[in-house]
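Please look through the sequence and the structure shown here before reading the report that follows.

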Amino acid sequence: NMVLAQESKDSREHLWIQSKQKEIEAHVAWHGKITGMYCEALLREHPAFSYLIRTGEEEGHFYLSFVQSPLSFKHQPFVIRFSVKGWFYQNGYTGITPTVDELIPLIMHCTPEQCRPIVKQLEFGTAYKL
């Protein structure tokens, strides 16, 4: 049945997107739903290639926000996409990687060693989960 086959494909895709989203949300630099202005306040005073990841406007859309130079910030959108090779993170048309950690230096045009994640600070009163 074509309808069942499509529903099965849709649910598989949804599970893939969810697993990739969980990978991003578990990333050390994940900051969730924050504004661009708040993001720049967090990035200020940090050296070049300091970055954080935040949510985009739609499901499967994200931003890599980073310090380009002392007074210059960039907010690069990226998405989760499916291709014949599997599920990938995609930045524009050229940057396609299987993991978010491989995409970050591509977006910032630096080496993986130069990448400096800004770790989200625990908010006061938040229980720490092990």
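In this predicted model, E23 forms a salt bridge with K20, and their closest N and O atoms are 3.4 Å apart; the term stands for a side-chain nitrogen of Lys or Arg within 4 Å of a carboxyl oxygen of Asp or Glu. A search of the whole structure finds one such salt bridge. E23 and K20 both lie in helix α1 (residues 2-25), where they are three residues apart, about one turn of the helix. Helices (H or I, at least four residues) and strands (E, at least two) are DSSP runs, numbered from the N terminus.

The model is predicted, and local features need pLDDT of at least 70, side-chain atom pairs count only at pLDDT 80 or more, while totals for chains, interfaces and linings use all residues. Residues are numbered from 1 along each chain as its sequence is written, and side-chain values use heavy atoms, with hydrogens and water left out.

The table gives the accessibility of some residues, where buried means under 20% relative accessible area, exposed over 50%, and partly exposed in between (1.4 Å probe, protein chains only).

| Residue | Relative accessible area | Class |
|---|---|---|
| E23 | 30% | partly exposed |
| K20 | 9% | buried |
| E58 | 51% | exposed |

E58 lies in the loop between β1 (50-55) and β2 (61-69), and its C-alpha atom is separated by 9.4 Å from that of V79, 21 residues apart along the chain.

In helix α3 (residues 100-108), the buried residues are V100, L103, I104, P105, I107 and M108, and α3 is followed by H109, whose phi is positive, near 55°.
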